[in-house]
Amino acid sequence: MDYINPFRDSEMCSALSKEIKKFGREVRFMEVCGTHTMAIHRYGLKSLLPENIRLLSGPGCPVCVTSSMDIDRMIACTHAGIVATFGDMLRVPGTFSSLEKEKAKGADVRVVYSPMDAVEIARKTAKNVIFLGVGFETTAPSVAQAIKSSPENFMVYPMHKLVPPALKKLLEGKNRIDGFLLPGHVCTVTGTKGYEFLKGKIPCVVSGFEPADILASILMLVKQIEEGKADIEIEYGRSVKREGNQKAMETMYEVYEPSGALWRGLGYIESSGLSIRKEFGSKDASALIKEEFESEEREGCRCGEVLQGLVEPVDCPLFSRVCTPLEPIGPCMVSSEGTCAAYYKYGGYA
Amino acid sequence: MMCLGIPVKVVEISGNSAIGEIGGVKRKIDISFVDVKVGDYVILHAGFAIQKLDEEEAEETLKLLREMSDGLY
Ligand code: SF4
């Protein structure tokens with residue numbers, strides 16, 4: 001079966017857009033996931049929505065929500081061995097440097113596509129290989145699996161984050177949000193149980209990533225509002241089961257346990273991160289970093305507010321003038337899932 | 001990249017490892033988290049299959065999407 005093109009059908013998209021336009025109320029929906037943000041801009045979906053429906057970007061870009069402190073510490077990992085990372089992390093500016101700058105100065109930094117590639121690197125060297133464990137529940141089980149099947153010299157610097165606690169914090173904040181497009185690939189792993197606390201409070205739809213998926217999910221949110229409901233519906237049923245992927249979740253919790261974590265923009269949130277369990281303590285690269293850093297956000301960067309849907313990138317005075325993907329000031333401009341990068345790339349700001 | 005997942009067809013399996021094909025390009029996939037056979041489609045994320053795609057559900061959703069675009073939802 002073709003799992004892509006039928007969900008990109010342009011006639012279907014314009015028909016869905018027409019249906020959405022029948023709804024007259026002013027509403028603000030948040031697309032939690034950065035991959036949704038990218039798809040919305042790539043397919044120009046905002047132009048298919050009426051003015052009364054506003055889409056806000058959320059905290060669903062793992063690189064973007066990583067605090068400056070963690071970025072500084074993970075850059076310091078270059079002193080402790082070979083650093084293996086997803087490409088997104090390379091140019092993220094910390095307080096003093098970036099991985100890319102350290103690499104130019106001679107640090108051994110390797111970009112990998114999968115954590116298993118980093119395990120392969122470790123098998124071929126006697127040096128320590130430190131994988132930067134960034135990502136939500138989508139990624140954490142794979143990193144856990146890598147930890148389980150790795151040689152002694154493979155370690156992980158854990159910076160994983162969990163989505164539900166962040167949504168809870170967002171709802172307590174001052175931003176008005178009338179509905180959530182929930183992250184399809186996070187929920188593919190976790191299922192929807194962890195989101196039950198949103199039931200009765202705010203309409204939610206777990207959405208797929210093709211244009212018709214996203215438009216249909218918006219229409220489903222609209223219908224929930226019309227009917228006075230606040231349910232958790234699944235639009236992305238071909239990938240998301242209510243119970244999620246049990247095997248992946250078991251592996252994740254075998255290696256990791258929930259712990260407090262610091263988010264850019266949202267601050268410290270109880271049980272919103274993952275740390276490596278004692279049984280796997282020798283795999284924890286955070287123990288190697290003894291230095292203390294005076295970490296700071298870059299002056300003028302409004303990433304923290306962008307991640308809460310409080311401002312749009314165009315509200316940042318540095319956007320596209322000073323801050324560009326080649327010379328990024330904040331992580332939201334670097335990551336392929338960052339809101340500032342999406343606006344810059346697809347020109348939603350002209 | 002981080003939460004990106006793409007549908008990939010499984011074309012070869014050996015143990016926990018499989019070869020997936022997308023648009024003629026072959027990719028190695030770790031299938032520790034899914035039960036799949038050759039011919040199944042999976043969502044590939046960072047080298048891992050995080051779920052097997054459900055054909056019946058996909059058809060259901062398409063049906064629903066068609067109804068929605070006809071204003072029947
Ligand atoms: S445009 Fe650049 S400086 Fe402004 S908020 Fe985005 S990342 Fe930060």
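Of the 73 residues in chain B, 45% count as buried, and please keep in mind that we are looking at a predicted model. Let's stay with chain B for a moment. Chain B holds five strands and one helix, and if you follow the chain from the N terminus, the order is β-β-β-β-β-α.

What about its dimensions? The C-alpha trace of chain B spans about 45 × 25 × 25 Å along its principal axes. The radius of gyration of chain B is 15 Å, whereas a compact globule of 73 residues would come out near 11 Å. As for contacts in chain B with a separation of 6 or more, 30% of them are between residues 24 or more positions apart.

Seven of its seven residues are buried, so strand β1 of chain A is largely enclosed by the rest of the structure.

Which strands pair with β1(A)? One is β2(A), residues 53-60, which pairs with β1(A) in the parallel sense over six bridges. To get from β1(A) to β2(A), the chain passes through helix α2, residues 34-42 of chain A, and this β-α-β crossover is right-handed. Another is β7(A), residues 179-183, which also runs parallel to β1(A) and is joined to it by three bridges.

Thanks, everyone!

Key. Residues are numbered from 1 along each chain as its sequence is written. Chains are lettered from A and ligands numbered from 1 in the order in which they are written. This is a predicted model: local features need pLDDT of at least 70, side-chain atom pairs count only at pLDDT 80 or more; totals for chains, interfaces and linings use all residues. Side-chain values use heavy atoms; hydrogens and water are left out. Buried means under 20% relative accessible area, exposed over 50%, partly exposed in between (1.4 Å probe, protein chains only). Helices (H or I, at least four residues) and strands (E, at least two) are DSSP runs, numbered from the N terminus. Two strands pair if DSSP finds at least two bridges between them. A crossover is right-handed if, with the strands pointing away from the viewer, the path from the first strand over the helix to the second runs clockwise. The radius of gyration is taken over C-alpha atoms; the globule rule is 2.2 Å times the number of residues to the power 0.38. Contact means heavy atoms within 4.5 Å.
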